[in-house]
Amino acid sequence: MILEAAILSVRPGEQGAFEQAMAEARPLIAASPGFRGMEVRSCLEDGRRYLLLVWWERLEDHTQGFRGSDRYAEWKKRLHHFYDPFPVVEHFAAPLVVQPDPMRPVTPG
């Protein structure tokens with residue numbers, strides 16, 4: 001499994017519209033073969049920035065499958081006009097270190 005990551009900088013004043021568009025566009029990417037999940041998180045220090053994380057079974061599921069699909073054309077139409085500057089998208093290998101889920105309490109020994 002690989003992880004796609006991008007920092008999305010949204011044009012000033014368009015955060016609400018971006019969040020709505022992202023929610024509406026989510027099914028487009030979720031329908032892609034090899035898609036395993038995604039998160040979009042807002043930045044606490046800068047309300048115009050978001051972290052996009054997408055898990056894919058294989059790199060090609062994103063770079064060839066989704067990006068080569070009609071769903072991606074629709075994704076671009078709905079989302080790409082919000083970005084300034086346009087984000088750098090990178091792909092990451094399996095984790096080197098994994099800690100327990102931070103949302104779950106750790107029970108003592």
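In this tour, a residue is called buried when its relative accessible area is under 20%, exposed when that area is over 50%, and partly exposed in between (1.4 Å probe, protein chains only). The structure is a predicted model, in which local features need pLDDT of at least 70 and side-chain atom pairs count only at pLDDT 80 or more, while totals for chains, interfaces and linings use all residues. Residues are numbered from 1 along each chain as its sequence is written, and side-chain values use heavy atoms, with hydrogens and water left out.

**The whole chain**

Three helices and four strands are present, and from the N terminus they follow the order β-α-β-β-α-α-β. Helices (H or I, at least four residues) and strands (E, at least two) are DSSP runs, numbered from the N terminus. The C-alpha trace spans about 50 × 35 × 20 Å along its principal axes. Of the 109 residues, 32% count as buried.

With contact meaning heavy atoms within 4.5 Å, residues 24 or more positions apart supply 70% of the chain's contacts that have a separation of 6 or more.

**Residues 2–92**

Next, select residues 2–92. An unreviewed UniProt entry annotates this range as "domain: ABM"; UniProt positions are given in the numbering used here, feature names are shortened, and annotations may be inferred rather than shown by experiment.

**Leu 79 in helix 3**

Proceed to Leu 79, which is part of helix 3. Leu 79 counts as buried because its relative accessibility is 0%. Display the residues around it: apart from those up to four places away in sequence, Leu 79 touches Phe 18, Ala 21, Met 22 and Ala 25. For Ala 25, the separation from Leu 79 is 54 residues in sequence, against 7.9 Å in space from C-alpha to C-alpha.

**His 62 in helix 2**

Now centre the view on His 62, in helix 2. Its relative accessible area is 2%, so His 62 is buried. Its contacts beyond four places in sequence are Glu 4, Trp 56, Arg 67, Val 89 and His 91. Show the side chains of His 62 and His 91, which are joined by a polar contact of 2.7 Å. A polar contact is a pair of N or O atoms within 3.5 Å; within protein, one must be able to donate a hydrogen and the other to accept it, and residues adjacent in sequence count only if both atoms are side-chain atoms.

**Ser 69, between two helices**

Select Ser 69 in the loop between helix 2 (59–66) and helix 3. With a relative accessible area of 15%, Ser 69 is buried. A polar atom of the Ser 69 side chain lies 3.1 Å from the backbone nitrogen of Tyr 72.

Select Asp 84 and Pro 85 together: the peptide bond joining them is cis, with omega about 0°. Pro 85 belongs to the loop between helix 3 (70–79) and strand 4 (89–92).

Finish at Cys 43, in the loop between strand 2 (35–42) and strand 3 (49–56). Is Cys 43 buried or exposed? Cys 43 is buried, because its relative accessible area is 16%. A distance drawn from Cys 43 to His 81 gives 19 Å, C-alpha to C-alpha, for two residues that are 38 apart in sequence.
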